[in-house]
Amino acid sequence: MAGKLADTFNDIASSNQQIAQELKRVGQVVGKQGMTRERTRFHQSKGAWGEMEVSVNSLVDDLLRPTTK
């Protein structure tokens, strides 16, 4: 049981690390390099991770969309 718990913890930590790296990448390429078609692509897109991916991509879309008043 302890081994399964450790494996699950390691999987979660690995997924969180990948997400952090992906957010850093998209921040760099969209925010600094101006590659406005880039979006996040998390390898783990289930549950809350998937919701975070959609939220970040929606935020990028909203920030890049011209505003009209």
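Modeller: Take contacts with a separation of 6 or more: in this protein, 29% of them join residues 24 or more positions apart. A contact here means heavy atoms within 4.5 Å. Keep in mind that this is a predicted model: local features need pLDDT of at least 70, side-chain atom pairs count only at pLDDT 80 or more, and totals for chains, interfaces and linings use all residues. Residues are numbered from 1 along each chain as its sequence is written, and side-chain values use heavy atoms, leaving out hydrogens and water.

Colleague: What does the secondary structure come to?

Modeller: Two helices and zero strands. Both kinds are DSSP runs numbered from the N terminus: helices are H or I with at least four residues, strands are E with at least two. Helix α1 covers residues 2-32, and helix α2 covers residues 47-64.

Colleague: How does the radius of gyration compare with that of a compact globule?

Modeller: The protein has 15 Å, whereas a compact globule of 69 residues would be near 11 Å. That radius is taken over C-alpha atoms, and the globule rule is 2.2 Å times the number of residues to the power 0.38. The C-alpha box along the principal axes is roughly 60 × 25 × 15 Å.

Colleague: Why is N57 called buried?

Modeller: Buried means under 20% relative accessible area, exposed means over 50%, and partly exposed is in between (1.4 Å probe, protein chains only). N57 has 13%, so N57 is buried. N57 sits in helix α2 and touches R39 and T40, leaving aside residues up to four places away in sequence. Across the protein, 22% of the 69 residues count as buried.

Colleague: Now salt bridges. What makes E22 and R25 one?

Modeller: The rule asks for a side-chain nitrogen of Lys or Arg within 4 Å of a carboxyl oxygen of Asp or Glu. In E22 and R25 the closest N and O atoms are 2.8 Å apart, so the pair qualifies. Both lie in helix α1, three residues apart, about one turn of the helix. E22 has 9% relative accessible area, so E22 is buried, while R25, with 25%, is partly exposed.

Colleague: And how do you know that R41 and E38 form a salt bridge?

Modeller: Their closest N and O atoms are 3.7 Å apart, so they also fall within the 4 Å limit. E38 is partly exposed because its relative accessible area is 22%. Salt bridges that share partners join E22, R25, E38 and R41 into one network.

Colleague: Which residue does D62 pair with?

Modeller: R65, with the closest N and O atoms 3.2 Å apart. D62 has 44% relative accessibility, so D62 counts as partly exposed. The structure holds five salt bridges.
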